[in-house]
Amino acid sequence: VLALFGAIYASIKAVVQTDVPHLIAYTGVAFYSILWWHIASVGRMAPAAVVYAGAVLLVIVGMLLAWDRVRVRYGNLDLTKIAGLAQPMPKFALCLALLVMAAVGLPPFGLFFGYVGLLLSLSAMSGGMVIVLLTWFGLSWCLFKLMQRVLFGPHRADLRYDDLRPTEIAAIAMILLLLVSLSVVPHGWLNA
C-alpha cells in the first residue's frame with residue numbers, strides 16, 4: 001500500500017514540476033515505488049527486478065547528466081525559460097530523446113524488458129497493477145512533455161547555443177549502451 005501511494009504521489013508531483021532536476025527525481029521515486037510494490041507482491045527480488053532497478057538507475061543518472069550539461073551552459077532554468085534546443089543543439093537533442101525513449105520503456109532499452117518482466121511475474125491482474133500501469137502512463141506523458149518543452153518550440157535569441165562536446169556525448173552514449181546491454185543480459189546470470 002505504501003509503495004502504491006508512493007508511486008501515485010511521486011507521479012503527481014512529477015507532472016506539476018517545472019524544475020527539471022525535481023521532475024527527474026520524482027520520476028525516479030515513482031519508478032522505484034513500482035519496484036518496491038513488485039518486491040512486496042512477489043516476496044523476492046526476481047532477475048527482472050534487478051534489470052529494472054539497474055535500468056532505472058541508469059536512466060535517472062543519464063537524464064540528470066544531460067540536464068546538467070544545459071545547466072552548466074545556461075544556469076538553472078526551468079521548463080518555462082528554455083525551449084527549442086533541437087535546432088541549435090542537435091547532439092543534445094538526440095541524447096535527450098534517446099534517454100526519454102529509454103525512460104518510457106521502449107525497446108531495445110533494458111527498462112522495457114525489466115518492466116515487462118515485473119508485470120509478467122505476477123500471476124493475476126490486481127488493483128495494484130492497475131495503479132502501476134496508470135503511474136507508468138503518467139510518467140511517460142510527463143517525460144514526453146519534458147522532451148517536447150525542452151527540444152521544440154521557439155528558441156531564445158538572447159542565448160548563445162553551445163552543443164555537446166565529444167566527451168559529454170561519450171558519457172551519455174556509455175549510459176545508453178549500458179541500457180541496451182541490460183536488454184540482452186541472460187536472466188540466468190542474475191539468479192545468483
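Helix H4 (residues 90–103) has 14 residues, and at 1.5 Å a residue these should span 20 Å; its end C-alpha atoms are 20 Å apart, which agrees. The expected span is 1.5 Å times one less than the number of residues, and helices are DSSP runs (H or I, at least four residues) numbered from the N terminus. Keep in mind that this is a predicted model, where local features need pLDDT of at least 70, side-chain atom pairs count only at pLDDT 80 or more, and totals for chains, interfaces and linings use all residues. Residues are numbered from 1 along each chain as its sequence is written, and side-chain values use heavy atoms, with hydrogens and water left out.

Now for what sits inside. Buried means under 20% relative accessible area, exposed over 50%, and partly exposed in between (1.4 Å probe, protein chains only).

| Helix | Buried residues |
|---|---|
| H4 | Phe92, Ala93, Cys95, Leu96, Ala97, Leu99, Val100, Ala102, Ala103 |
| H5 | Gly110, Leu111, Gly114, Tyr115, Leu118, Leu119 |

Looking down the axis of H5, its buried residues fall within an arc of 165 degrees, so they line one face of the helix. That arc is taken from the directions from the helix axis to the C-beta atoms.

As for contacts (heavy atoms within 4.5 Å), the cover over the buried residues of H4 includes helix H2 (20–42), H3, helix H5 (110–120), helix H6 (127–151) and helix H7 (166–181). The buried residues of H5, in turn, pack against H2, H3, H4, H6 and H7. After H4 comes Gly105, with a positive phi near 90 degrees.

Over in helix H3 (residues 47–74) you'll find Val61, which counts as partly exposed because its relative accessibility is 42%.

Terms used: Helix = DSSP H or I, 4+ residues; strand = E, 2+ residues; numbered from the N terminus.
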